Amino acid sequence: MTQPLLQLEQVSKSFYTRPTAPYELFRWRRPARLSAVEQLDLTVYRGETLCVVGESGCGKSTMARLVMGLLHPDEGQINYAGQRIDHLKRHDRLAYRRRMQMIFQDPYTALNPRLTVLHCLLEPLLYHQPQLTEQEALEQVFQQLLAVGIDPALGQRFPHQLSSGQRQRLNIARALSVKPEFIVADEPLSALDVSIQAQILNLLQDTANQQNLTFLFFTHNLAVVEHIADRVAVMYEGRLCELTSSRNLFKHPRHPYTQALLEAMPQLTTSPQQGAKLMGDVPSRLQRPLGCSLQDRCPYANERCRHQVPTLFSHTDGGQTACHALQEGRIKP
Ligand SMILES: Nc1ncnc2c1ncn2[C@@H]1O[C@H](COP(=O)(O)OP(=O)(O)OP(=O)(O)O)[C@@H](O)[C@H]1O
Ligand SMILES: [Mg+2]
């Protein structure tokens with residue numbers, strides 16, 4: 001796990017939002033800037049499973065779309081296997097389409113409503129492997145359907161005739177069917193019930209082991225993270241606040257936000273009373289304060305936190321945190 005596959009360097013993305021209704025009254029106002037992700041620096045190594053966790057709206061899906069080229073970064077660059085991919089035109093990106101696959105958060109909008117289950121899977125398979133005969137392609141599709149727990153008898157159904165869980169399993173089957181080397185999975189399990197979650201997790205892990213797959217896995221389910229992650233990146237308000245091995249994260253969370261996140265799941269932490277207690281609520285994304293995004297909620301915040309954005313620094317065990325209080329020793333690392 002030493003060869004970098006994906007590298008994000010200082011990647012930022014903002015959206016501009018129109019004033020809310022009544023639009024006529026506020027038409028003269030300039031659109032507000034919403035910074036979805038800011039100065040992301042992250043490396044995913046070949047063969048690893050890197051989980052990104054964070055609360056709703058912190059920028060996980062935006063980051064996933066940036067990696068897949070569905071959005072273009074405002075600043076920074078994205079490299080895949082040593083090649084810069086963020087500026088590629090649609091045609092040049094085709095070369096990466098088979099190598100990088102995405103499992104989308106919303107399974108319904110990710111599927112073409114006019115294609116049946118079989119066609120959903122046959123289309124990408126025959127596009128990327130035109131040498132396959134129809135019989136061979138159908139066999140592969142049936143195998144993939146069985147692997148994700150969908151009865152091939154449902155092959156002639158359209159997406160609206162499937163349950164939400166079946167749609168998500170179809171999405172997963174479609175992503176795996178072209179044998180990619182890198183999968184970006186955006187909350188792939190949130191639409192599934194617990195028993196299917198375990199089955200799909202095992203399938204993803206087995207496939208990862210057999211095909212040396214690399215996973216960038218976005219989730220807010222810490223139990224899933226503990227089960228599959230090699231390393232974990234914790235995001236808050238569009239910025240990374242901690243990046244460490246999965247083992248260290250659950251044994252020894254350092255950043256006040258990570259501690260609060262783990263404390264929200266008491267069964268996962270052995271010492272629930274020791275972590276930082278965050279105050280207040282998540283601030284508005286449209287009025288981001290200067291300095292650290294956690295400043296108004298963190299009990300350790302001081303003047304420096306209010307003026308200077310913390311950047312990631314390394315600890316002796318290889319873990320990284322972005323926190324002035326940790327860096328200055330105001331919190332014991
Ligand atoms: N196309 C867009 N236009 C305007 N704002 C957007 C757009 N896409 C995302 N956002 C905003 O950017 C922020 C990050 O959104 P994103 O979908 O990346 O969050 P997330 O971490 O995936 O959340 P969740 O866990 O709920 O899926 C949110 O405040 C969201 O409202
Ligand atoms: Mg999302």
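Where is the place of Gln39? Gln39 sits in strand 2, and we'll come back to this residue below. First, some ground rules.

This is a predicted model, in which local features need pLDDT of at least 70, side-chain atom pairs count only at pLDDT 80 or more, and totals for chains, interfaces and linings use all residues. Residues are numbered from 1 along each chain as its sequence is written, while chains are lettered from A and ligands numbered from 1 in the order in which they are written.

## The chain as a whole

The chain has 11 helices and 12 strands. Helices (H or I, at least four residues) and strands (E, at least two) are DSSP runs, numbered from the N terminus. As for pLDDT (the predictor's confidence in each residue, from 0 to 100), the mean for the chain is 87, and 90% of its residues reach 70 or more.

Of the 333 residues, 38% count as buried. Here is how that label works: a residue is buried if 20 or more other C-beta atoms lie within 10 Å of its own, exposed if 12 or fewer, and partly exposed in between, with C-beta atoms placed from the backbone. Two residues are in contact if their C-beta atoms, placed from the backbone, lie within 7 Å. Take the contacts with a separation of 6 or more: residues 24 or more positions apart account for 63% of them.

## Strands side by side

Two strands pair if DSSP finds at least two bridges between them.

| Strands | Bridges | Example of bridge partners |
|---|---|---|
| strand 1 and strand 2 | 10 bridges | Lys13 and Val37 |
| strand 1 and strand 4 | five bridges | Leu8 and Ile78 |
| strand 9 and strand 10 | six bridges | Val232 and Thr244 |

There is also an open sheet of eight strands with mixed pairing, in the order 6-7-8-3-9-10-12-11. Its edge strands, strand 6 (100–103) and strand 11 (313–314), each pair on one side only. Helix 5 (residues 164–177) packs on this sheet and touches strand 6 and strand 7 (182–186); its direction makes about 175° with that of strand 6. Those angles run from 0 to 180 degrees between N-to-C directions, using axes that are lines fitted to C-alpha atoms, for helices over the stretch in contact. Helix 9 (residues 256–263) lies across strand 3 (49–53), strand 9 and strand 10, and runs at about 100° to strand 9.

Helix 3 (residues 117–128) has its own buried residues: Val117, Cys120, Leu121, Leu122 and Leu125. These pack against helix 4 (134–147) and helix 5.

## Around ligand 1

Which residues come nearest to ligand 1? Of the 15 residues around the ligand, they are Phe15, Ser56, Lys60, Ser61 and Thr62. A residue is near a molecule or strand if its C-beta atom, placed from the backbone, lies within 6 Å of it. Strand 1 (4–17), strand 2 (32–45) and helix 1 (60–68) each supply at least two residues of the shell, and helix 1 gives the most, with three.

By class, the shell has four nonpolar, nine polar and two charged residues. Ala, Val, Leu, Ile, Met, Phe, Trp, Tyr, Cys and Pro count as nonpolar, Asp, Glu, Lys and Arg as charged, and the others, Gly among them, as polar.

## A few residues up close

Back to Gln39: its phi is near 45°, a positive value in a residue other than glycine. Gln39 counts as partly exposed because it has 19 C-beta neighbours inside 10 Å. Ala81, in the loop between strand 4 and strand 5 (83–84), also has a positive phi, near 50°. With 16 C-beta neighbours inside 10 Å, Ala81 counts as partly exposed.

Leu6, in strand 1, is buried, with 21 other C-beta atoms within 10 Å. Leaving out residues up to four places away in sequence, Leu6 touches Val44, Val67, Tyr80, Phe182 and Leu216. Leu6 and Ile85 are 79 residues apart in sequence, yet 9.9 Å apart in space, C-alpha to C-alpha.

Gln168 belongs to helix 5. Why does Gln168 count as buried? Because it has 28 C-beta neighbours inside 10 Å. Setting aside neighbours within four places in sequence, Gln168 is in contact with Pro107, Pro188, Ala191 and Leu192.
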